[in-house]
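Visitor: Hi, I'm new to this one. Could you put it on screen and walk me through some of the side chains?

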Amino acid sequence: MPDFIRRFGQEGMDGQYYLSSSRQSIIVSLLSAGTFCGAIAQAFTSDRLGRRGSILFWSAIFTVGVAIQTGTTYSLVQLVIGRYIAGLGVGSLSAIVPLYNGETAPKAIRGTILVIYQVQIISGIFLSYVLELGSHTIKNSASWRLPIGLQMVWGIILLSGMFFLPESPRHLLGTGRSNEARKVVAELNGVPEDDPLVIEIVEELDFAIRAENEGGKATWLECFSTRNALWRRTINGMMLQFIQQLNGQNFYYYYGDTFFQSAGAGLSPYIIQTVLGAVSVFGTLPALYFIEAWGRRKSLLLGAAAQAVCALIVAVVGYTTLAPTGTPTSALTARNRAGGDVVIAFAVFQVFSFGTTWGPTPWVYLGESFPLRVRPKSIALGSATNWFWNFMLSFFSPRIVDRIGPMIMMVFFGMLVFGYIYVYFAIPETKGLTLEEVDELYRSGIPPWRSVGWQPSEKHHHEVHEKGTSDSVEKP
């Protein structure tokens, strides 16, 4: 936007202001740097403040960061500091919200609830593009202050809304507040506190938590221990987040406007980003069904295959047919235009496929893979991995595209092929399992490619009741 460039750009030899590639990289990537640090920091607050308290705290941090950005006049330093602080909130919340949802949602709909969380995120991104489409024609600073400042509305909604939601029952039991945990479990299941279902769930959770806490306070190294195959689970969570970031989706988000313009789209950057946002929203909606109908493994495998085909076509067709960046629309040949149509079509389909599969599924998997003892730390490592590679992508992509153009999609193609292989051999199916049953799944040693349809034993249920009986006998 002209006013933004005038305030935070550099004056060229011709007297016109511009944003250099280095400043663009810094402005875009500082948010991701903050999210990386925030994802790690939440591991310390989620245990001390609780899941609910942490969401309240980091929502406030995010809102402060947005306020700093909105109040900036001409200081690039203030702008990027505000983006970094807002990033702390984004990174923390991206880890805590799946953590909270995974601990409070009934297992039958846990995946659906986590996908709804992703739908809301994508819808928010789409709304921001719509706001920019409407405000970019304003001649003063309102053109960019409006879309940035309105983020505070969502921060305040989250901040105020959490006052009406309960604390995680697993966290309550882990901190010795069993009466509160029983009340929350009853509310979440819509039954009285003395209902047998509540008693069974609380006893099972309490037994699992006490077993986990026998070894003392969890450390970061324990996330990679051999007990209950924690190292495999942590590595799986980190790898899925790594692959998600390097499959091409965010490249289209960050630099899709330039890429589509070279494809002869003939659309403004604001319209292009709005189209991408709309495709992402509509792509994520089917995931509400497929995440449970297909399961986690099938969603990831089909998504990797579909996106790999799209990335390969975009790379080959783009490299062989597209005109150099900056070529006037009037100078495009019929071959350029035909190739551009193919590139745009498959790029849009790749964005849609991502929204249906790799967009929400790694977050769902991250939220349901770890026992209470190490959940905050393991989820922090997965989220931090996501944001670290998000930062790397946003910082280095402009430089790579300058050198190899559309062939950057071959990098993403290779990552998607690797992702398919990794999921097939390393990611077991966790659909419909409680956190305690996921423990049993990993202990069973069943190969991931045979894990679909695996059923947990009733062993842990018997252990819960036996433990409860033993405790009642031993009490004076």
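Guide: A salt bridge here is a side-chain nitrogen of Lys or Arg within 4 Å of a carboxyl oxygen of Asp or Glu. One caution: this is a predicted model, where local features need pLDDT of at least 70 and side-chain atom pairs count only at pLDDT 80 or more, while totals for chains, interfaces and linings use all residues. Residues are numbered from 1 along each chain as its sequence is written, and side-chain values use heavy atoms, leaving out hydrogens and water.

Visitor: Why do charged side chains pair up at all?

Guide: Side chains of opposite charge can pair when their charged atoms come close.

Visitor: Is Glu-222 buried or exposed?

Guide: Glu-222 counts as buried because its relative accessibility is 12%. Buried means under 20% relative accessible area, exposed means over 50%, and partly exposed is in between (1.4 Å probe, protein chains only). Arg-227 has 34%, so it counts as partly exposed.

Visitor: How many salt bridges does the structure hold?

Guide: There are 7 salt bridges. One of them joins Asp-439 and Arg-233, with the closest N and O atoms 2.5 Å apart. That pair links distant parts of the chain: Asp-439 is in helix α20 (residues 435-444) and Arg-233 is in helix α11 (residues 230-245), 206 residues apart. Both Asp-439 and Arg-233 are buried.

Visitor: And what about Glu-180 and Arg-177?

Guide: Their side chains meet in a salt bridge at 3.7 Å, N to O. Glu-180 has a relative accessible area of 41%, so it is partly exposed. Arg-177 is partly exposed too, because its value is 34%.

Visitor: Which residues are linked in a network of salt bridges?

Guide: Asp-3, Arg-6 and Arg-7 are. Arg-7 also lies over the face of Tyr-74, 4.7 Å from the ring centre. For a charge to sit over a ring, NZ of Lys or CZ of Arg has to be within 6 Å of the ring centre and within 35 degrees of the ring normal. Lys-377 has its charged end over the ring of Trp-220, 5.7 Å from the centre.

Visitor: Switching to rings, then: how many aromatic pairs does the structure hold?

Guide: It holds 14. Rings of Phe, Tyr and Trp (its six-membered ring) pair if their centres lie within 6.5 Å; planes under 30 degrees apart count as stacked, over 60 as edge-to-face and the rest as tilted. Phe-4 and Trp-144 are an edge-to-face pair, 5.7 Å centre to centre with 80 degrees between the planes. Phe-4 belongs to helix α1 (residues 2-8) and Trp-144 to helix α6 (residues 142-149), 140 residues apart. Phe-4 and Trp-144 are both buried.

Visitor: Why is the pair of Phe-388 and Trp-389 edge-to-face?

Guide: Because their planes are at 85 degrees, with the ring centres 5.3 Å apart. Phe-388 and Trp-389 form one aromatic cluster with Phe-36 and Phe-242. Phe-388 is at 33% relative accessibility, so it counts as partly exposed.

Visitor: Last one: how many helices and strands are there in the protein chain?

Guide: There are 21 helices and 2 strands. Both kinds are DSSP runs numbered from the N terminus, with helices (H or I) needing at least four residues and strands (E) at least two. Of the 476 residues in the chain, 51% count as buried.
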